[in-house]
Structures are given as C-alpha cells and as structure tokens.
Amino acid sequence: MIKDEVAVWSNCIEYIKKHVNAQSFKTWFEPVKPVKLVGSVLTIQVPNKFFYEWLEENYIDLLRSALKKEIGDKASLEYQILVDNHRKIGKNIEEENTEEEIKNPFAIPGIKRLKTDSQLIAKYTFDNFIEGECNKLARAAGLEIAAKPGNTPFNPLFIFGDTGLGKTHLSNAIGNGLLKRFPSKQVLYVSTEQFTNQVINAIRANTINDFMSFYQMVDVLIVDDIQFLSNRPKTQEIFFNIFNQLHQNGKQIILTSDRAPKDLQDVEKRLISRFKWGLNTDLGAPAFETRLNIFKLKMKHEGIHLDEELVDYICHHVKSNVRELEGVLISLVARAALNKTRIDIELVREVVEQFVTTDSKEISVENIKKLVAEHFEMPVEKLQGKTRKRQVVIARQLSMYLAKNYTTSSLKTIGSNFGGKDHSTVIYSIKAVQDLIDTDTIFRDTVQQLEKKVQLSLTV
C-alpha cells in the first residue's frame with residue numbers, strides 16, 4: 001500500500017504522542033500540517049519561524065525516529081513556514097503572505113537553526129567610532145566582547161549617557177564587529193519600544209511562549225534605550241525571564257540607557273540588580289580634540305572640506321554631543337547649496353547659533369583656564385593646585401601667559417586665580433612660556449592653537 005503525506009504524518013503523530021506530555025503535544029504538534037511526500041522526503045507546514053526553531057531545538061531526535069519508523073533510514077524532513085506578517089521593503093510597508101521552505105534538517109547532525117536578521121545598523125562600526133577619554137573604557141570593553149562574546153566579565157555590558165554621545169553607535173559597532181568575526185552567531189539588535197510592541201502583539205495573539213523561545217535562542221542580545229521599560233511591569237517580567245535564560249546559557253547581553261541602573265525609575269529591583277552584574281560604563285561629552293577628530297571624520301565621509309579656522313570654531317562651540325556636530329555640518333552644506341554661497345565664518349556663526357546658545361562677552365581668566373584645561377584634558381582644579389607634574393605646570397604657566405595677553409586682569413588678579421600665586425610667579429611663568437615659544441616648535445604650535453581658540457571665543 002502506497003502511503004501519502006497524510007497517512008505518514010498521522011502515524012508519526014501517534015508515535016510522537018506516546019513520547020511527549022499532553023500540553024507539549026497540543027502546543028507543538030497539533031498545529032503542524034503535512035504538505036507533501038516525495039520519495040522519502042516529507043514536507044510539513046509550521047505556523048512561523050519560532051515554531052520551526054523550537055521543534056529543531058527540542059524535538060529533532062523524536063522527529064527523526066518517527067520519520068525513520070514510517071519511511072526508513074533515508075527519511076528526511078522539510079519544513080514549509082507560513083509567514084503572515086508585515087515586512088519592510090525599503091521605506092514602504094506592505095502586507096504579504098509567503099511560504100519559505102527549510103530543507104533536509106536530518107542531513108545535518110544536531111540542531112539546524114535559521115539565520116535571524118540582526119537588525120544592526122551597518123554604518124556603525126569601530127572604524128568610525130572615535131576614541132577619546134569620554135569613551136575609552138566602553139570602547140575597550142566593546143572590542144573585547146566582539147572578540148569573546150559571553151566569555152568576558154562584561155556581561156551584561158550596560159552603556160549609559162546623555163542623548164547623542166554614541167550609545168547606539170557603540171552597541172551596533174560591537175554587534176557588527178562580532179558578526180564579522182563570528183558570522184554564524186545569532187545577533188539581535190532591538191529598541192525597547194520595539195521589544196515592548198512585540199510583547200503586546202504576542203500577548204494578543206497568544207504566542208508569548210513562541211516569542212520568549214525565539215529571544216532565548218539568540219547568542220547576543222542588544223537592547224537600546226532600556227530606560228523605556230519604566231512603568232511596564234508585564235514587559236519587565238518577560239524581559240527578566242529572557243535575561244536570566246540568556247545569562248545562564250553564557251549568551252552576551254548589551255544594554256544602553258540615558259541613565260545609570262541606580263537612576264532608573266519604576267523598574268523592578270531584581271532587574272536593576274541584574275543590570276549591575278557586569279560592567280556599567282558611561283559615555284561623557286567629548287573633549288575638544290575628540291570633537292575635532294569626529295568632525296573631521298564626518299567631513300571626510302561626506303566629501304566636504306572646510307578651512308581649519310571654521311572647523312575649530314564649530315568644535316569649540318558645539319560641545320554637548322555628536323549629533324549636534326552632525327546637524328551643524330548638514331545645515332552648513334544645505335545652506336551653502338541652496339543659497340549658492342561659500343561656507344565662511346559668517347555662515348558658520350549663523351548656523352552654530354541655531355544649535356547652541358552663545359553670549360557676546362569679554363574673555364575672563366576663568367574662560368582661559370577652561371580652554372587650556374580642556375585642551376590638555378585635565379580638570380580645571382589642577383591648574384589651581386600645587387602639583388609640580390610637568391604637564392600641569394606647563395598648562396598653568398600657559399594659562400597665565402594667555403590671561404596676561406587676552407584679559408585686562410592685573411598680575412595680582414591673575415595670580416589669585418591660580419591658587420593665590422604672587423605677581424612674581426606670574427611674571428616668571430610668562431617668561432618661561434615665551435622662552436619655550438622661541439625654542440620649541442611643537443610648543444609654539446600648541447600656543448598658536450590655544451590663541452586661536454581664545455580669539456574665536458572673543459568673536460562670539
């Protein structure tokens with residue numbers, strides 16, 4: 001008697017029913033439909049990819065035994081996945097029903113998994129993530145994770161900081177770097193809003209088990225803006241379970257937030273506790289030199305050249321985040337193109353004023369101290385202290401030199417701004433700077449750079 005796909009699958013079902021509990025059978029095998037039988041290859045239809053992966057993860061041996069019992073040693077199985085979802089095509093969204101076949105899972109020993117779309121942003125890489133004091137620790141941890149996901153002390157990696165400082169860039173750079181090294185890894189990048197919407201849809205469709213099973217199978221989970229879990233108890237509960245499962249299985253978790261774990265509001269304590277398990281690292285506002293390097297890299301990518309004076313002006317005044325630097329560059333190019341004019345200092349000032357609040361004021365000793373401290377990447381307080389470390393001494397003397405040349409303050413007033421130094425110390429510092437200018441070309445360039453910054457600040 002020649003068997004058809006219905007008969008074969010019916011016999012398989014009877015065999016499977018004896019080896020699983022009633023609830024598992026109802027959940028994972030009743031929805032499966034036989035599609036066709038060609039030779040020793042049976043094709044079955046499953047509702048979605050979650051379903052396929054769950055069967056492969058948990059019941060591959062049972063399926064193999066059932067098929068061999070019915071068809072013989074050469075039996076193989078193909079899945080047909082019915083997808084009924086919203087798929088993005090470019091910028092348009094259209095609804096479509098498609099079928100996708102997964103062939104011969106029995107041909108490969110063990111478990112065969114589908115490749116998940118990582119949803120990573122391809123343009124964000126370590127190559128275009130500029131390192132500075134503001135992000136050095138976070139970037140170093142990210143590089144180590146990309147080389148050894150799940151096998152570092154940084155699990156989870158919790159990156160926090162204000163908007164526009166590079167959290168999304170760095171988290172995607174880790175994912176992209178990791179996939180380049182380990183292309184078979186299942187990496188998933190998702191925003192907290194997207195995750196929450198998926199939870200809502202899964203609850204409505206009564207597929208929450210499928211949803212959680214899918215997330216628990218990824219190797220690296222990257223969740224952006226985790227602070228938006230606030231006031232969402234059901235989503236927090238589901239994420240808590242997913243987090244636990246991934247962490248217990250040695251999978252890598254990367255989270256970003258606009259605040260540290262301890263400052264998260266209306267998030268369960270047990271979740272906050274887990275966020276602290278690995279490394280919490282913040283991204284600060286970039287210093288001037290870092291802003292300068294970021295802006296120059298963005299100009300290079302856009303194929304744009306600006307005079308050094310204009311670049312210095314922009315990077316001196318736009319301090320809060322990288323997105324504002326990008327915004328200034330885009331606005332400059334657009335304004336110049338629309339008005340058919342060149343980018344000069346007047347246009348730069350006009351655009352910068354749209355992004356930052358600037359005041360027209362006389363330069364002060366305090367302003368100069370801040371400029372010099374930022375240039376040397378040290379706290380302003382060090383310039384007022386008594387340390388004799390060479391770099392601090394040079395920065396302090398240089399500050400006094402600039403204060404003498406660019407403010408109306410007396411030598412006594414200048415000295416009082418540097419920890420109560422007397423006027424003779426100020427005179428000595430000014431002479432020491434002038435001697436270095438005359439004999440050291442590298443130091444002379446540093447002074448010229450700082451003088452340019454002081455002059456630019458006076459033109460605001």
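Predicted model: local features only at pLDDT ≥ 70, side-chain atom pairs only at ≥ 80, totals over all residues.

User: Why is the aromatic pair of F195 and F211 called tilted?

Analyst: Rings of Phe, Tyr and Trp (its six-membered ring) pair if their centres lie within 6.5 Å; planes under 30 degrees apart are stacked, over 60 edge-to-face, and the rest tilted. The rings of F195 and F211 have centres 5.5 Å apart and planes at 55 degrees, a tilted pair. Twelve aromatic pairs are counted by this rule.

User: What makes the pair of F195 and F211 a tie between separate parts?

Analyst: F195 belongs to helix α7 (residues 192-204) and F211 to helix α8 (residues 208-216), so the pair ties together parts 16 residues apart in sequence. Helices here are DSSP runs of H or I with at least four residues, and strands are runs of E with at least two, numbered from the N terminus.

User: And why is the pair of F195 and F239 called edge-to-face?

Analyst: Its planes are 85 degrees apart and its centres 5.6 Å apart, so it falls in the class over 60 degrees and within 6.5 Å. F239 lies in helix α9 (residues 233-248), 44 residues from F195.

User: What makes a set of residues a nonpolar core?

Analyst: The set must consist of buried Ala, Val, Leu, Ile, Met, Phe, Trp, Tyr and Cys residues joined through side-chain atoms within 4.5 Å. The largest such core has 30 residues, and F195, F211 and F239 are among those with the most contacts inside it. Its largest share, six residues, comes from α9. A second, separate core of 29 residues includes F418.

User: How do you know that R270 sits over the ring of F240?

Analyst: The rule asks for NZ of Lys or CZ of Arg within 6 Å of the ring centre and within 35 degrees of the ring normal. The charged end of R270 is 3.8 Å from the centre of the F240 ring and sits over it. Likewise, K369 lies over the face of F418, 5.4 Å from the ring centre.

Terms used: Residues numbered from 1 in each chain as written. Heavy atoms only, no water. Buried < 20%, exposed > 50% of the residue type's maximum accessible area, 1.4 Å probe, protein only.
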